[in-house]
Amino acid sequence: MNKRIEAAYEQRPRRWVFELVVALVVVALLIWSGSAVETAGTTQNGAKIAWNILAGIFHPDTDLLFNLTKQGVPYLLLETICIAFLGTVVGAIISIPLAFLSAANLTPKPVAFIGRIIIMAIRTVPAFVYGLMFIRVTGPGAFAGLLTMSLCSVGMVSKMYIEAIEDLDVRVLESLDAEGCTTWQKIRYGILPQLMPNFASTAIYRFDINLRDATVLGLVGAGGIGAPLIFAMNAYRWEEAGAILAGLIVLVLIVEWISTKIRVKLARG
């Protein structure tokens, strides 16, 4: 038996030539791609600026970090949380009827197709573009960020809701129908218990995404902590930028820990 295994091993296909050629092609492509990288615009002070950024991050401005006024980091973080949370809630609520209308197992195929087209169109536009559009309509501020987060949430949350609805266990509904349950009873005892854990988990996951997107939206004036961050960096006030980034890191870690605990609880029941 061992001799046959050794013989088969010795007769195995020799692929080292092919693997060597693939490795050489990959290296050649990397070298060729590197030739297109432009270094124009770099200066000799680049290393010094990078050092200043790191120094500012590790030595944040404590006065700004613990300032409880509207210009302080705690208030700006609270505003960012509110934009992300309310945007998630509004988007999740709007997504429920849209998802039911777009589920192929519950509605006629033409209606479901139109609903999916609408969802796909919403998901096509980036959040940054939505932010610029709503700022033109409502003016700069947190309300523009709320509308942007809501619309962006609809695109993703609706898609996840549709997948949950189409994975419904129809046998539960058939058994309830055999018992003579009404439509409301079938929704109450057959559909909602199956969908609520998935719906809640999707909304929590979207809240994590919105919390980061709300920071970016501040760069275009849609409220939150993004605008003070970019202003501090443009003015080379690295201690202020470090304080804002330190607050963001702590906030994201706390939210990530809480959301993970909630998702695990929902998954395990």
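These notebook entries record what I looked up in the structure.

**Entry 1. The whole protein**

I began by noting that the model is a predicted one. I then counted the elements of secondary structure and found 12 helices and zero strands. Reading along the sequence, I wrote the pattern down as α-α-α-α-α-α-α-α-α-α-α-α.

I next looked up how much of the chain is covered. Of the 269 residues in the protein, 31% are buried. The accessible surface comes to about 17500 Å², and carbon and sulfur atoms account for 69% of that surface.

I also looked up how far apart in sequence the contacting residues are. I took the contacts between residues at least 6 apart in sequence, and 71% of these join residues at least 24 apart.

**Entry 2. A nonpolar patch on the surface**

Which residues form a nonpolar patch on the surface? I listed Val17, Val21, Val25, Leu29 and Trp32. Together they have about 510 Å² of accessible area.

I looked at Trp32 separately. Trp32 belongs to helix α2, which covers residues 16-34. The relative accessible area of Trp32 is 62%, and Trp32 is therefore exposed, since the cut-off for that class is over 50%.

Helix α8 runs through residues 142-166 and has 25 residues.

Where in α8 is the kink centred? I located the kink at Val154, with a value of about 30°.

I then turned to Leu147, which also lies in helix α8. Its relative accessibility is 26%, so Leu147 counts as partly exposed. Setting aside neighbours within four places in sequence, I found Leu147 in contact with Phe134 and Thr138. I also noted the separation of Leu147 from Leu86: the two are 61 residues apart along the chain, and their C-alpha atoms are separated by 9.2 Å.

**Entry 3. Salt bridges**

I recalled first that side chains of opposite charge can pair when their charged atoms come close. How many salt bridges does the count come to? The count is five, and I examined several of the pairs.

I checked the exposure of both partners. Glu166 is partly exposed, at 33% relative accessible area, and Arg116 is also partly exposed, at 36%.

Lys159 and Glu163 likewise meet through their side chains in a salt bridge, at 3.2 Å from N to O. These two residues are four apart in helix α8, so about one helical turn separates them. Lys159 counts as partly exposed with 34% relative accessibility, and Glu163 counts as partly exposed with 37%.

I also looked up the salt bridge between the side chains of Arg206 and Asp213, for which the N to O distance is 3.7 Å. Is Arg206 buried or exposed? Arg206 is buried, because its relative accessible area is 6% and the cut-off for buried is under 20%. Asp213, in contrast, is partly exposed, at 23%.

**Entry 4. Tyr205 in helix α10**

I placed Tyr205 in helix α10, which covers residues 183-217. Tyr205 has a relative accessible area of 44% and is partly exposed.

Which residues does Tyr205 contact, leaving aside its neighbours within four places in sequence? I found Met156 and Arg263. I then checked Tyr205 against Ser259: the pair is 54 residues apart in sequence, and the distance from C-alpha to C-alpha is 7.6 Å.

**Entry 5. Helix α11 and the residue after it**

Which residues of helix α11 (residues 226-234) are buried? I recorded Gly226, Ala227, Leu229 and Ala232.

Finally, I looked just beyond the end of α11 and found Tyr236 there. Tyr236 takes a positive phi of about 60°.

How values were computed. Residues numbered from 1 in each chain as written. Predicted model: local features only at pLDDT ≥ 70, side-chain atom pairs only at ≥ 80, totals over all residues. Heavy atoms only, no water. Patch = residues over 30% accessible without salt bridge, like charges linked within 9 Å, V, L, I, M, F, W, Y side chains within 5 Å. Areas by Shrake-Rupley, 256 points an atom, 1.4 Å probe, with all protein chains shown as cover. Salt bridge = Lys/Arg side-chain N within 4 Å of Asp/Glu carboxyl O. Buried < 20%, exposed > 50% of the residue type's maximum accessible area, 1.4 Å probe, protein only. Expected span 1.5 Å × (residues − 1). Bend = angle between axes of the 7 residues up to and from the residue. Contact = heavy atoms within 4.5 Å.
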